[in-house]
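Here are my notes for a first look at this one. Have the viewer open and follow the points in order.

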Amino acid sequence: MRVRKPEDLGEGERERWRALRAASTTARNPFMEPEFTDAVGRVRPRTRVAVVYEGREPVGFLPHERGRIGQGHALAYGVSDVQGAVLGPGLGLDADELLLACSLSSFAFDNLEAEQELFVPHAAAEYTSYVIDVEKGYDTYESVLRAQSPKFLKTTLAKERRLGRQVGDLRFVFDERDPAALRTLMAWKSAQYRRTGRRDRFAQDWITRLVSLLASQTRAPDCSGTLSVLYAGGQPVAAHFGLRSTTVLACWFPAYDPQFAKFSPGLVLHLRMAEAAAAEGIGLLDLGRGAAEYKDSLRTGELPVYEGAWTRPGAGAALYWLSREPSRRAHHFVRNRPRLAATAARALKGVGQLRRS
């Protein structure tokens, strides 16, 4: 096995990585493609890829980031929605062997992909990632919504028509290339984070640079930055940035202009994204981990993702447990108690209001 920087991988290794993903039984989420690792490596200098060989043939890859005294974590930990290793079938490999070869004292993950047999035994919690299935086309998806959420669909479509009448003609762009639209989305999202009392991801320079890089330069068939925008009367009213492969649209950063909130432009945007994705041959929209009212309304199914860490005895493991585990357990405790979660959400919103005052 060798541990390399992403830019040092050869094209043969990248092709093998893509072939392993193509042969996987899991959905081909673009977060697991080599192009996403390349982009992260350009903004996170400690990004590494462990390459597992059988003879001279690469048979597995583990993108990760190595921190202080060997503390490691999954690629873009805290930001990426799907994480894990890309391994060939039937490898006689275990997590201890792989991670010790990487000289890691711990390896943390918070959105581990399902069927990651090496790391799932080390998970401390399981969460739900909500999905929209458009494999059979958008009309079929609308039929599902009409059966499971008739009031939601009727109301959202009525708001869409009202938005067009009162604000101006509607236009939806699935793959918008205008940098100004991306800046608008990031400004809306930052304001939303502050308004709801949550940490502003776009206040972190590396995340802003990563999203800008993915939007402007990442255009591979199975990992392409995709900015979708809903316009009304010529102005943007809702937008989303995510990644798409040939079969999956990974929904990542949605936001809308609050002045148009009464029209639910974010929900309208998601319906148009589902319609456009289906037309492109994409079968699945992954809305990501975490409960939200809009996800409950839009979803047709769910996938598990896992949070936890592999650790070995020593200072690095102790630092991991002291820095991560108390907050993770508190978060998990609140998430599993809806009334407490609602109270916490109100408290965060109050913090956001104080920040603005």
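1. A word on strands before we start: two strands pair if DSSP finds at least two bridges between them. Helices (H or I, at least four residues) and strands (E, at least two) are themselves DSSP runs, numbered from the N terminus. With that in hand, look at β12, where leucine 249 is the bridge partner of arginine 244.

2. Some ground rules. This is a predicted model, where local features need pLDDT of at least 70 and side-chain atom pairs count only at pLDDT 80 or more, while totals for chains, interfaces and linings use all residues. Residues are numbered from 1 along each chain as its sequence is written, and side-chain values use heavy atoms, with hydrogens and water left out.

3. The overall picture: the protein has eleven helices and 14 strands. It contains 357 residues, and 53% of them count as buried (buried means under 20% relative accessible area, exposed over 50%, partly exposed in between, with a 1.4 Å probe and protein chains only). Its accessible surface comes to about 16700 Å², with 50% of that belonging to carbon and sulfur atoms; these areas come from the Shrake-Rupley method with a 1.4 Å probe, and for residues only the protein chains shown count as cover. Taking contacts between residues at least 6 apart in sequence, 74% join residues at least 24 apart (contact means heavy atoms within 4.5 Å).

4. Now find strand β11. Eight of its ten residues are buried, so β11 is largely enclosed by the rest of the structure. On one side of the pairing list is strand β10 (residues 223–232), which pairs with β11 in the antiparallel sense over nine bridges. Leucine 230 stands opposite alanine 238 in β11. The hairpin of β10 and β11 has two residues between the strands, and glycine 233 there takes a positive phi near 60 degrees.

5. What does β11 do with β12? The two pair in the antiparallel sense over seven bridges, and a hairpin of three residues joins them. Histidine 240 has proline 254 in β12 as its bridge partner.

6. Next, the rings. A search of the whole structure finds eleven aromatic pairs. One of them is phenylalanine 241 with tryptophan 252, a tilted pair at 6.3 Å centre to centre with 35 degrees between the planes. Phenylalanine 241 lies in β11 (residues 235–244) and tryptophan 252 in β12 (residues 248–256), so this pair ties together parts that are eleven residues apart in sequence. Both of these residues are buried. They also belong to one aromatic cluster formed by Phe31, Phe36, Phe202, Phe241, Trp252 and Phe253. For the cut-offs, rings of Phe, Tyr and Trp (its six-membered ring) pair if their centres lie within 6.5 Å; planes under 30 degrees apart count as stacked, over 60 as edge-to-face and the rest as tilted.

7. Which helix holds leucine 269? Helix α8 (residues 265–279) does. At 0% relative accessibility, leucine 269 counts as buried. Leaving aside its neighbours within four places in sequence, leucine 269 touches Phe172, Ser228, Val229, Leu230, Ala238, Ala239 and His240.

8. Most residues other than glycine have a negative phi. Serine 264, in the loop between β12 and α8, has a positive phi near 50 degrees, and it is buried with a relative accessible area of 16%. Alanine 76, in the loop between β4 (71–74) and β5 (86–87), has a positive phi of about 55 degrees; at 2% relative accessibility, alanine 76 counts as buried.
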